[in-house]
Amino acid sequence: MDGLFKAGMPNDAENMFQVLLEESLVPNCITYSALIGGLCKLGDVNKAELMLQEMEEKCVSPNVVVYASIVDGYTKKGLLNEAMDVMKKMVQRNISPNVFVYGTLIDGYFKAGQQGIALDLFKEMKSVGLEENNFVIDSFVNNFKRSGRMEEANELLKAMMSRGLVPDRVNYTSMMDGFFKVGKELDAFDMAQEMTEKSSGFDIVAYNVLINGLLKCGKYESESFYTGMRELGLVPDSATFNTMINAYCKEGTLENALKLLNEMKSYGLLPDLITRNILVQRLCAAGEIEKTMDVLNDMLVFGFHPTPTTHKAVLDASSKRRRADVILHIHNRLVGMGLELNLSTYNTLISTLCRLGMVKRATLAFKDMMGIGISPDIITYNALIQGYCLSSHLKNAFSVHSQMLTEGVLQMSKHTISF
């Protein structure tokens, strides 16, 4: 049953459990533990609690693993009070929480910003004779990291080592990430070196932290890191590709960025929203409108659609050609790709056309917007007024201004033309 959950076949696992019941077989603690653990990993903690209740009704005594799974499930959903209630229930049934239960709650309360409760739990854990493990230490390190207190995190790591606990790859990665975030690149690099010497070396997560941190320093070339990763035998993941594509974009080597995007897709991986926006913006800034549209078209296969941010970037780039037909063609293509027609997208289109003195086309867009029930706001009217003023059609500017007042749209912007 546990194997079915791990293989991503939860329905088969639950069906197997039902077969046991139908055959009048009484599941034991190990069977219930596998089912409850699998449900919790899927986020279905309520069902897991029902299984715990059923387990107790059938006089099958739950063990610490069962309770630990439910505590972990509630904690990951941010339901810390419920997680604490489960731990209290454990104690009432004379089942002592182990270091995993304490560590899970400590980490959860730290992430929720409730340091006092986290520290109280840590003291309680120590008072019952449990020693911190690497997971608990990492919870403390990450808490220090969130507030930029890396010196304290480093002291904690040294104290841990003095007591014989060996930092693992996760501990080193967290420390390295924290030092990068406070601008201490040399300390971060020392952690990377120490991890290589004392731990089992880099995995892709640690390498991503290293390249992301060092590239932000601006002292290293992207290509060298990508080559280095290959030499270590590491397979890039989504974070690697996003980091590298962003770096290539910032370096202005867009061909490399596009090449890496194609490689990313060959792995079945998707760029995140930040990466897509940066790539689109950089291509637009370089005047590569068709390549931008090709990228957006490719993204449709993965269910991504242009956003208002994308729309604005592409129209701004298109406006450099100062041709209304080009701007409207690009706009219509983006709409065809799934761009939502709302006030934001119409404001971008109208503002772009008015800025170039193409007020007739902007007015048609304005009428289209009104025709589908979208009411203009101060930005829409400002754009039209300024467009008419720039093209010396003051009578039309006054007319739009009057319409704005009639519609009850107040002049709240300093950019509104005053008469």
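Which residues have the most contacts inside the largest nonpolar core? I looked this up first, keeping in mind that the model is predicted.

**Cores.** The largest nonpolar core has 86 residues. I noted Ile36, Ile70, Leu105, Ile106, Met176 and Phe202 as the residues with the most contacts inside it. I then checked which element supplies the largest share of this core, and found helix α13, residues 204-217, with eight residues. As background, nonpolar side chains in soluble globular proteins tend to be buried together.

**Met176.** I set aside neighbours within four places in sequence and listed what remains in contact with Met176. The list holds Ala188, Met191, Ala192, Phe202, Ala206, Val209 and Leu210.

**Thr104.** I located Thr104 in helix α7, which spans residues 99-111. Is Thr104 buried or exposed? I read a relative accessible area of 4% for Thr104, and because buried means under 20%, Thr104 counts as buried. Not counting residues up to four places away in sequence, Thr104 touches Val71, Asp72, Thr75 and Phe135.

**Cysteines.** How many disulfides does a search of the whole structure find? I got zero. Cys40 is buried, at a relative accessible area of 9%. Cys354 is buried too, at 3%.

Notes:
Residues are numbered from 1 along each chain as its sequence is written. This is a predicted model: local features need pLDDT of at least 70, side-chain atom pairs count only at pLDDT 80 or more; totals for chains, interfaces and linings use all residues. Side-chain values use heavy atoms; hydrogens and water are left out. A nonpolar core is a set of buried Ala, Val, Leu, Ile, Met, Phe, Trp, Tyr and Cys residues joined through side-chain atoms within 4.5 Å. Buried means under 20% relative accessible area, exposed over 50%, partly exposed in between (1.4 Å probe, protein chains only). Helices (H or I, at least four residues) and strands (E, at least two) are DSSP runs, numbered from the N terminus. Contact means heavy atoms within 4.5 Å. A disulfide is a pair of cysteine sulfur atoms within 2.5 Å.
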